[in-house]
Amino acid sequence: MAIPRVFISSTYYDLKYIRNDIESFIKNLGYEPVLHEKNKITYTQTSSLEDSCYNEISLCDILICIIGNKYGTKSGDNDYSITMNELLNAIRDKKKIYVFIQKDVSIENNTYLRNKDLVDFKPFAADNIKIHEFIAELKTNNNNFPIQDFESVLDITNSIKDQFAGLFQNLLQNESTITNEKTYYDLVDTSNEIKNLVKSFEEEKELFFKKFDSTIYANNPLMTVLRDVLELEGIQLFINNKNELINFIEKMGYADDFDLFSEDLSYSRIDNSIRKTLKIKSDIFDEDGIIKNYRNFDKSRDAITMTSSEIEINDTELPF
């Protein structure tokens, strides 16, 4: 059963104890907390550490943003901090968002709003005027998520508990409403949709067997070896040509290790501190890029290989 993934966004060093407490709270709810310092973010050699965090947000369901006294690290893309950009990416991706502002910063923000036209306004609670500018922007343009003050982590966890309970109650009410409001015409529409789905399925099935020779490809040792090296237990691969193979490998999160002097394919992915490198010999394809039907397992194992090596990731260099 899939569980909600909750991205916890904030500056790190000044708020790390709050982050730890919220992580424990999210785990106790049965959800999955996502924090960069706990190796919950997949970093790749093709993306910066900053962009990897933004990409991870797209894979999460909820973002909890905590705004404290510190501005943090400036983004390499714009004038916002990385924490600010994490929130902006979540807004863009239409994620469920909860924002919490440290109370002394929130109080000072009211003073900032009254005096923002003064060129010499210097904040005391916040270490950078851009924090107040960003909060003001959120309050002006936000209509879709709550913004609350907090003095302790208990304020945050109590609020999240209430918000999640409200979400669950709304879900139950909506499901009940949908069930009670079903009419004869709704059921007719549903019946027609099912008929169309069955028809579409039959058409797709026919196209599938026209495209693939199921006997050959289901038993092609090359696909069996590829499945084994990728550790895809219980999955049967139906891949016909080079382009489909490359697309599948990239969907698995592997990045191209381009080698100008080799026609062989080489892809790698970093899982935690392990670099996995997948190599595929070019001679498994015919002149049209179609995957050959190898019947020899030993030859297939030589053609598709996976190696692993440990790399060093220095947490102190993470941009938070």
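Is lysine 94 buried or exposed, and what is its relative accessible area?

Reply: Lysine 94 is exposed, with a relative accessible area of 76%. The cut-offs are simple: buried means under 20% relative accessible area, exposed over 50%, and partly exposed in between, with a 1.4 Å probe and protein chains only.

A word on the source. This is a predicted model, in which local features need pLDDT of at least 70 and side-chain atom pairs count only at pLDDT 80 or more, while totals for chains, interfaces and linings use all residues. Residues are numbered from 1 along each chain as its sequence is written, and side-chain values use heavy atoms, with hydrogens and water left out.

Back to lysine 94. Its place is the loop between H3 and S4. (Helices, H or I with at least four residues, and strands, E with at least two, are DSSP runs numbered from the N terminus.) Lysine 94 is not a glycine, yet its phi is positive, about 60°. Glutamate 231 also has a positive phi of about 60° without being a glycine. Glutamate 231 sits in the loop between helix H9 (221-229) and helix H10 (242-251). At 60% relative accessibility, glutamate 231 counts as exposed.

In soluble globular proteins, nonpolar side chains tend to be buried together.

(On a 1 Å grid over the protein atoms alone, a cavity is a set of points where a 1.4 Å probe fits but cannot get out; a pocket is an open set with protein on both sides within 12 Å along at least five of seven lines; lining residues have an atom within 4 Å of a point.) The largest cavity holds about 110 Å³. (Grid points are joined across faces, edges and corners, and a volume is the space filled by probe spheres set on the points.) It is lined by 13 residues, and Ile67, Lys70, Ser81, Thr83 and Met84 are the closest to its centre. Strand S3 (62-67), helix H3 (82-92) and helix H5 (129-141) each give two or more residues to this lining.

Strand S1 (residues 5-9) gives the most, 3 residues.

Arg19 leads on to the charged pairs. The whole structure has 11 salt bridges. (Each is a side-chain nitrogen of Lys or Arg within 4 Å of a carboxyl oxygen of Asp or Glu.) Arginine 19 meets glutamate 37 in one of them, at 2.9 Å, N to O. Arginine 19 is in helix H1 (residues 16-28), and glutamate 37 is in the loop between strand S2 (32-34) and helix H2 (49-57), 18 residues apart. Both arginine 19 and glutamate 37 are buried.

Glutamate 23 and lysine 27 pair at 3.4 Å, N to O. They lie 4 residues apart, about one turn of the helix. Glutamate 23 is buried at 8% relative accessible area, while lysine 27 is partly exposed at 49%. Salt bridges with shared partners also join Arg5, Glu32 and Glu56 into one network.

Last, the largest pocket. Its volume is about 270 Å³. Of its 17 lining residues, Ser262, Glu263, Asp264, Leu265 and Ser266 lie nearest the centre. Strand S7 (265-271), strand S8 (274-280) and helix H11 (297-303) each give two or more residues. S7 has the largest share, 3 residues.

The structure holds 0 disulfides (pairs of cysteine sulfur atoms within 2.5 Å). Cysteine 60 is buried at 2% relative accessibility, and cysteine 65 is buried at 1%.
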